[in-house]
Amino acid sequence: MTATPTPGKRLVSPHDHTLIMIDFQSQMSFATKSIDAVTLRNNAALVSRAAAGFGVSTVLTTVAEKSFSGPMFEEITSAFPEETLLDRTSMNTWEDAAVVARVSAIGKDRLVFAGLWTSVCIVGPTLSALDQGFEVYVIADACGDVSDEAHERAMQRMIQAGVQPMTSLQYMLELQRDWARTETYEMTTGIAKKYGGAYGLGIIYAKSMFGASEGH
């Protein structure tokens, strides 16, 4: 067997998937306990900025925005100022005709999900999309639920069904993949410095102290 320097088919790239961000809303976040609100908003911002910066096709959807759940996080909507939010009555996003029509119009068979709550608003559409032949990923630390138990059982259920889990920082770095891609280098490290926690601090330190860069 001969190894070749080519990426695996299961790695995501900016133009091979659609990101679907679901119910990042005030009312949904109040009862979320599996992740603290600061980390959740930070991770949602990182994912949003990365997707917008890399030109990922994105669907934003809310539930009962005006009557119950409130507006979507500003960290997300500000990253996609031209994107129309699709408001629903259904807990399962995949049962909303407008959302499914948008996914179909984009036409990509690989979907990446993030949102609140994991056990309801993410399990529903991911299992439904899997049944219809889509390849499905979930950004686990950009999701949350009413308890650790609820979040973990939901993740296990999806993984057993075939969903591929990933994390927020992993998502962004997988889009960048190579520091020699200079056209997105400053954007990626800029997002990491602002939303990437200790990793971002490391970039700030290295650049400030040594003028270091991940590229050659």
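The model is predicted: local features need pLDDT of at least 70, side-chain atom pairs count only at pLDDT 80 or more, and totals for chains, interfaces and linings use all residues. Residues are numbered from 1 along each chain as its sequence is written, and side-chain values use heavy atoms, with hydrogens and water left out.

Let us start with strand 4 (110-115). Helices (H or I, at least four residues) and strands (E, at least two) are DSSP runs, numbered from the N terminus. Strand 4 is largely enclosed by the rest of the structure, because six of its six residues are buried. Here buried means under 20% relative accessible area, exposed over 50%, and partly exposed in between (1.4 Å probe, protein chains only). In a regular strand the side chains alternate between the two faces of the sheet. In strand 4, Arg110, Val112 and Ala114 point one way, while Leu111, Phe113 and Gly115 point the other way, and all are buried.

Leaving aside neighbours within four places in sequence, Val136 is in contact (heavy atoms within 4.5 Å) with Leu111, Phe113, Thr126, Ala129, Leu130, Gly162, Val163 and Gln164.

**Helix 8 and its cover**

Helix 8 spans residues 168-176, and its buried residues are Ser168, Tyr171, Met172, Glu174, Leu175 and Gln176. What covers them? Among the elements that do are strand 1 (18-22), strand 4 (110-115), strand 5 (135-139), helix 2 (37-54) and helix 9 (182-195). Ser168, in helix 8, touches Asn43, Leu46, Val47, Ile139, Asp141 and Ala142, not counting residues up to four places away in sequence. After helix 8 comes Arg177, whose phi is positive, near 65°.

**Cysteines and the surface**

How many disulfides does a search of the whole structure find? It finds zero, a disulfide being a pair of cysteine sulfur atoms within 2.5 Å. Cys121 is in no disulfide, and the nearest cysteine sulfur, that of Cys143, is 10.0 Å away. Seen from Cys143, the sulfur of Cys121 is the closest, and at 10.0 Å it is too far for a bond.

On the surface, Tyr205, Met209 and Phe210 form a nonpolar patch with about 380 Å² of accessible area together. Accessible areas come from the Shrake-Rupley method with a 1.4 Å probe, and for residues only the protein chains shown count as cover. Tyr205 lies in helix 10 (residues 197-210).

| Residue | Relative accessible area | Class |
|---|---|---|
| Ser168 | 2% | buried |
| Cys121 | 4% | buried |
| Cys143 | 2% | buried |
| Tyr205 | 48% | partly exposed |

Definitions and conventions:
Patches are made of residues with over 30% relative accessible area and no salt bridge: like charges are joined within 9 Å, nonpolar side chains (Val, Leu, Ile, Met, Phe, Trp, Tyr) within 5 Å. A salt bridge is a side-chain nitrogen of Lys or Arg within 4 Å of a carboxyl oxygen of Asp or Glu.
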